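This report describes one protein model in plain terms.

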Amino acid sequence: MRVPGIVAAGLLTAALLLPPGVALGVAPELPRTFVDTTYVAPTGRTIAVAAAGDFQAALDAAQPGDQITLEAGASFIGNFTLPNKLGDGWIIVRTSATDSALPAPGTRITPAYAAVLPKIISQNANPALTAAPGAHHYRFIGVEFTVSHGVVLNYQLILLGNRPASLADVPHDLIFDRVYIHGTSYVDLRRGIALNSAASAVIDSYIADAHQVSSDSQALAGWDGPGPFKIVNNYLEGAGENLMFGGADPSLQGLVPSDIEIRRNHFFKPLWWRAGDPSYAGIHWTIKNLLELKNAQRVLIDANVFENNWLDAQSGTAIVFTVRNQEGTAPWSVVQDVTFTNNIVRHTSGAIGMHGWDDIYPSQQSARFLIENNLLDNVDSATWGGTGWLFSAFRGLVDLQIEHNTGFMDQAIMMAGDAAHTGFIYRNNLTPMGVSGFTGVDTQQGVQTLDTYFPGYLFQGNVLAGAAPALYPANNFFPASLATVGFVDLAGGNYRLSAASPYKNAGTDGKDIGADIDAVEAATAGVPTPRDPPPPPTVTRFEETEQAVAYTAGWVSSSSARWSGGAAGVSTAAGAQAIFTFTGTSVSWVGFRGPQAGIARVVLDGVLVGDVDLFAPTQEFRVVVFTARDLVAGRHTLTIEVTGLKNAASTDTVIVVDAFDVPAPIVTRFQETDPAITYTTGWAEDSSAGSGWSGGSAAVSRTVGANATFTFTGTSVSWIGYRGPQAGIARVSLDGALVGDVDLFAPTPVTQVVVFTAKDLAAGRHTLTIEVTGLKNAASTDITIVVDAFEVTSTSSQTTGSSFEETHPSIAYTPGWALNSSLMWSGGAAGYTTTAGARATFTFTGTSVSWIGYRGPQAGIARVSLDGVLVGDVDTYAPAAQFRAVVFSRAGLAPGSHTLTIEATGLKNPASTDVFIVVDRFDVSN
């Protein structure tokens, strides 16, 4: 049934009370109530918020029953608050895209839907969305939450409840349905959602890149809300704990997060977070476990897949049920009534760890756990480090039942210690012995451990492959090895018992010993969401310590997790230089903007580019502060010089060299059928079986004069074709100039071979023409020419994009601007002003923007804002005039709509003779 409002429910008060003691051996209590997420259609008006509209105003204006639609793909930047409204009708916040553009209800969203999701973006460390005290009945559908480019720390993207003073302050009836919540590959994102609320649900959603250096981080965490909670059919990715309840002391006396449903979620840690893995991405996040309960009761954990956990900041146990009175002010803390069924736990140092009492502060005793019908696979200390324990139990649990599980580990089935556990049942489980079997601290495996740590135990019907029967109780089974158990396909991962297995239907209940694999696979079908590794970097990052970067005197090293690679070069010494030598067509300087930053002078290939004012009112780390594009392919030098000058608002002249980014080559294959390739008559397609052609087909010609012309953008091109005993001679032309003839004869046939390559082309558009000459090598038997494919090498600077001249309708001007016509300007004209306060506002859609303007001896200082947030002041002075110059650039923006504002300040560098600001054009890329 639907949980009513917070006051009427009576539920919150019940959740704060600790249940009385219960008899030993009883099963855990299931959740008393479940969050009803049945969709309730809006009955009121629809408030449409277009790109650049006021989302907070819409939230303030909405009434129960209303629906707010946010423009699909648009960005809404800020820190927004869900107000507390009277009434119990739902307010729906959703994408303006149609339902058909989203996955159907009950189907998990993925990043593939990002183009139709409006983006709620925090531009700082604060939440993108906060629920006001008592806020209730909000449902989000098809919305993305993230941080803006340049943010390096965010504490939680969504905050539902924050230290309530009373039950009335607890937000409730909040549903996040098919939402995409994420940081980036480099941001310290501590938490996706803080679930300090009641009657709340996260369903069919995708939460990724929740990670932090030197601190815990979670996709989802709750410690200050009573529940109930529904967490169903989500992808959850967190470095510290993917999901945690507890971990901080509640604000309300006696509060225990209660009635928690955790079903059909994929808990996953990417291997590129693991130091030493071949895919390691270079940032050492703090890694702990996949699921942790520190203060929780009546928890159902069913049909989830838990994957990848390793030794790092903790021992690497995937599932942890360990009561904690975290800060010593909540002695009522307890973990009890936990049902763990039909799950898969795999690729981990340890599977499930538990303890009965907090060993630091007073707590309640953990009680009533059922671990039944789970597959625990590849629990392996040799691969993942850590313990290699299937189960561990310390400090006196009450009523632990482990039944019908199949597990594979390399060390211990059970490690027990510290105190005795009562009401213990271990029945009908199937495992190898491992190194130490069922063991404990200072006890021998088997009966001695059971008598010491599990008095009054029930231990029967288990298969312990490789264990010594004399060490264990009777009524169990001891095959010599796993190979003799009789699996359908042990090596292939099919852990069902074959019809011939002696353990089929041999359990104490007449069922197969171990897990019902059919039931586990049916329960978890479709749960895993493949997490593709990050795409190959579009840039190569050179840290400030690499040999390609040289320094004059005056630089010191600063070590901090805030810097790329953990360190950066810092200087305030006027004249100090950092010189970066690189090969490429573009370069970006990654540095620092902030209230202490000064002005740097930039020189490229010995030519002064100009001065870059790095002042900003707030600190921005690991930010691109300068970019040069469209360079001639080849070797270049970029020099950063400390001028000792600063913006009047700055408190110092600090210049930081954190790293340099150079576009990495991108190789794209174009099949012979691509529209970029045109053919004259005389070509035929060969798609015969077994031909070995790229993509299954190729263009073939024996017609003299037949041409194939490929038009491409890049710095290198390769023709993929055929060499063999029937091949002839082709004539190759590039950009209309004859390159020469290519003899394709070879004594044995070879397909998909590079037969011609042109390198070091100027960045831009080119044409390559292949002509059939009708000539052949004397040894050849024919004149066949094959065009199978082309491969083009380009750089990330050659992205799709557009240029917007100063007169384009997307640029709005306040009074004070004039037009100057000259061939020096892009398009023959540019807008200019000397009026303080005059603004040019450019609205665009893309992920990168560059302001093309003027630097020179008459140029002033402009103030730049992006999406309504002040970026800082840009000094456009230069001792020599530079037309069509990139004076400001920002990349890595969230896909969607943005606004860039250029404001003339009327200020100038002391060396400048005037305060001119010029808008020539804007360049946008996607």
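Arg731 and Asp741 form a salt bridge, with their closest N and O atoms 2.8 Å apart. A salt bridge here is a side-chain nitrogen of Lys or Arg within 4 Å of a carboxyl oxygen of Asp or Glu. The pair links distant parts of the chain: Arg731 lies in strand β62 (residues 729–734) and Asp741 in strand β63 (residues 737–743), 10 residues apart. Helices (H or I, at least four residues) and strands (E, at least two) are DSSP runs, numbered from the N terminus.

The model is predicted: local features need pLDDT of at least 70, side-chain atom pairs count only at pLDDT 80 or more, and totals for chains, interfaces and linings use all residues. Residues are numbered from 1 along each chain as its sequence is written, and side-chain values use heavy atoms, with hydrogens and water left out.

**Salt bridges**

Buried means under 20% relative accessible area, exposed over 50%, and partly exposed in between (1.4 Å probe, protein chains only).

The whole structure has 28 salt bridges. Three of them are set out below.

| Salt bridge | Closest N and O atoms |
|---|---|
| Arg731 and Asp741 | 2.8 Å |
| Glu521 and Arg496 | 2.7 Å |
| Asp177 and Arg178 | 2.8 Å |

Asp177 and Arg178 are both buried. In the salt bridge of Glu521 with Arg496, the pair links distant parts of the chain: Glu521 is in helix α5 (residues 517–524) and Arg496 in strand β43 (residues 494–497), 25 residues apart. Glu521 is partly exposed because its relative accessibility is 38%, and Arg496, at a relative accessible area of 22%, is partly exposed.

Strands of a sheet pair through backbone hydrogen bonds, either parallel or antiparallel. Two strands pair if DSSP finds at least two bridges between them. Strand β74 (residues 861–866) pairs with β75 over 6 bridges. Which residue of β75 is the bridge partner of Ser865? The partner is Leu870.

**Cavities and pockets**

On a 1 Å grid over the protein atoms alone, a cavity is a set of points where a 1.4 Å probe fits but cannot get out, and a pocket is an open set with protein on both sides within 12 Å along at least five of seven lines; lining residues have an atom within 4 Å of a point. Grid points are joined across faces, edges and corners, and a volume is the space filled by probe spheres set on the points.

The structure holds 3 cavities of 30 Å³ or more, and the largest cavity has a volume of about 120 Å³. The lining of the largest cavity includes Arg593, Asp613, Phe626 and Val874. Strand β76 gives the most to this lining, with 4 residues.

The second largest pocket has a volume of about 560 Å³. Of its 26 lining residues, the closest to the centre are Gln123, Ser148, His149, Val151 and Glu620. The largest share of the lining of this pocket, 3 residues, comes from β75.
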